[in-house]
Amino acid sequence: MYTYDIHALNQLLGSIIQDNTPPDVFAWLMKQGNSNDTAAFNAAFVMMPRKTGKAVISVKPEQITQLNVTRPNLSVEGWTADRLGRVFLLTLADTTDKNRYVKVVENLFLAGEMNELVALYSALPLLAYPDCWVMRCAEGIRSNIANVLEAIMYHNPYPAEQLSTDAWNQLVMKAIFTEKHLELIVGLHERNNAELARMLLDHARERGAAGRDVTRELWNLAGQFEGAGVINNLKQEYQLN
Amino acid sequence: MCCSHSFENEHQPGTVPEVFDISAVKGMKFFDPHVHMTSRTTDDYQAMADAGVVALIEPAFWLGQPRTGLDSFRDYYSSLVGWERFRSSQFGIKHYCTIGLNSREANNEALAEQVMELLPLFIYKEGVVGIGEIGFDDQTAAEDKYYRLQLDLAREAALPVQVHTPHRDKKRGTQRSMDIAIEHGLAPYSVIIDHNNEETVKEVLDRGFWAAFTIYPFTKMGNQRMVEIVKQYGSERIMINSAADWGISDPLAVPKTAALMQQQGISAQDIELVTYRNAITAFAQSGQIDETEFTSTIDQSSKFAGNSILRGGQQPRIDKSSIIIS
């Protein structure tokens, strides 16, 4: 049900939280993983900032290295303590009954506020049954809340691993529309494709016709599938750089 | 308002109403503890930010027509802590909310039962500063039941309560709301009685509750009347709000009233208490208000010093005076 070593991951996230929270908070958190008591699990998830605070965590270099071994391309640097606490809590949930597990997590999405959604989407690459969250991830990309989009797009290996080509292309287009840092998207070049290149060049024409410019990274992506001649002509026609 | 005499601010024939000059409140900051932003436009947010509103509370309320199922309540509560909070942040206004089952919809008991089960998932969320707005509308038995149940919830969660008082039979309804709150073990200091008028304010203050006043055209308080109330009762435990919603209302009611108070000789300290500080003191009992999270200036260029990226998706301003839209 997990694509990675969940026990190693649990231990690692636990040690990072232990380094960043008082002992009583860590002790409280370790007792909250019973997702079969849904009301208590929900309450723990929701009240996390009251327990952990919202300070940005510090992560040791060896922990960064270890995380990249256990779950490549995932980064928790810059996360707040409540975000990590919530993600950690989700990794403690009981996964034996698949339907029940999925329902509990889905229900958190349905009632989530922004910071909760950030944690939930950050947790996608760590949830069990990875194929169950594809629609949820695509739904998240339709969000207009910047922090939520960034949680899906930045340092998150889930979309590149699981999304269909159409959904992936929407992610990249949405990132460009909302002026995100494309270089932080995991799998940007690995998942690049001819259809996306076509969409990117159409987008460049639209922007050019409106007298607006485009991000330079667009040309790099399109250039993997379109000839330099096509791109140069387009740039010239619409006076784009 | 049907049950109390009114000396609404009426202008004499031939006199022109004075124009609200925003420079009169320049440098002042305001907290509007009751405003339904889901019903308002981005222009309202912009105008509020320009007039110095730095934070607000959006109470959960009735949407103008009844909800027919539980999911509508969930999506509504979810929008108050989610999308609406984000939308507000785009204008530099800190958005809080109170969560509760409003009195009108308490009368649909089958649905109300389900809503009561849903509430615990929302009342512990960040930035939820109270249970509200709850109380009486028709003063039916069902309204009484769910008011009491939600008071118990507030006591357990150690949250303040924002009480809506009825339009009809207001004085009696206000007294009853306070009696029941005390009966359920709430400290008057944790209960904000809203929509007061000249007829209710004295008893509310005498019994130790917070007295909120809604400055709302035609049906609630006019702001000239509000000035008189502050002159008479002072500023202790008194706060004002706009309760702006989908009706004809004014999201600038708080800054406008501050300007009027200033014009008519109310001290700067009293104005600050009534339009900012008291609401914070009352609702900060939730442990969910951090004043350092308010952005104290509305100048977007200096809002996030040293960072050229507008945070949280914050939108750059458009120049509304220009005929060109680009």
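Predicted model: local features only at pLDDT ≥ 70, side-chain atom pairs only at ≥ 80, totals over all residues.
Leaving aside neighbours within four places in sequence, Y101(A) is in contact with Y2(A), A93(A), D94(A), T95(A), L127(A), A128(A), Y129(A) and W133(A). Y101(A) sits in helix α7 of chain A, which covers residues 98-110. With a relative accessible area of 2%, Y101(A) falls under the 20% limit and so counts as buried.

From here, let us move to the place where the two chains meet. On the chain B side, 19 residues are in contact with 22 residues of chain A. Together the two chains bury about 1,700 Å², with 55% of it on carbon and sulfur atoms. Within chain B, the residues that lose the most area to chain A are L121(B), Y124(B) and E126(B), which together make up 37% of what that side buries.

The interface has a polar side as well. Eight residue pairs are in polar contact between chain B and chain A, both residues at pLDDT 80 or more. Helices α2 (70-81), α3 (83-89) and α5 (120-123) of chain B each supply at least two residues to the side that touches chain A. Sorted by class, that side of chain B has eight nonpolar, six polar and five charged residues.

Four of them lie across the interface of chain B and chain A. One to look at is R85(B) with E113(A), where the closest N and O atoms are 3.2 Å apart. This pair crosses between chains, running from helix α3 of chain B to the loop between α7 and α8 (114-122) of chain A. R85(B) and E113(A) are both buried.

Inside chain B, E293(B) and K94(B) meet in a salt bridge at 3.0 Å, N to O. E293(B) lies in the loop between α11 (268-283) and α12 (300-303) and K94(B) in strand β3, so this pair ties together parts that are 199 residues apart in sequence. E293(B) is partly exposed, at 33% relative accessible area, and K94(B) is partly exposed too, at 24%.

Another salt bridge joins R207(B) and D179(B), at 2.7 Å from N to O. Here the loop between α8 (201-206) and β7 (210-214) of chain B is linked to helix α7 of chain B, the two residues being 28 apart. Finally, salt bridges that share partners join K54(A), K94(B), E126(B) and E293(B) into one network.

Definitions and conventions. Residues numbered from 1 in each chain as written. Chains lettered and ligands numbered in written order. Heavy atoms only, no water. Contact = heavy atoms within 4.5 Å. Buried area = accessible area lost by both parts, 1.4 Å probe. Salt bridge = Lys/Arg side-chain N within 4 Å of Asp/Glu carboxyl O. Polar contact = N/O pair within 3.5 Å; in protein donor to acceptor, adjacent residues only side chain to side chain. Helix = DSSP H or I, 4+ residues; strand = E, 2+ residues; numbered from the N terminus. Nonpolar A, V, L, I, M, F, W, Y, C, P; charged D, E, K, R; others polar. Buried < 20%, exposed > 50% of the residue type's maximum accessible area, 1.4 Å probe, protein only.
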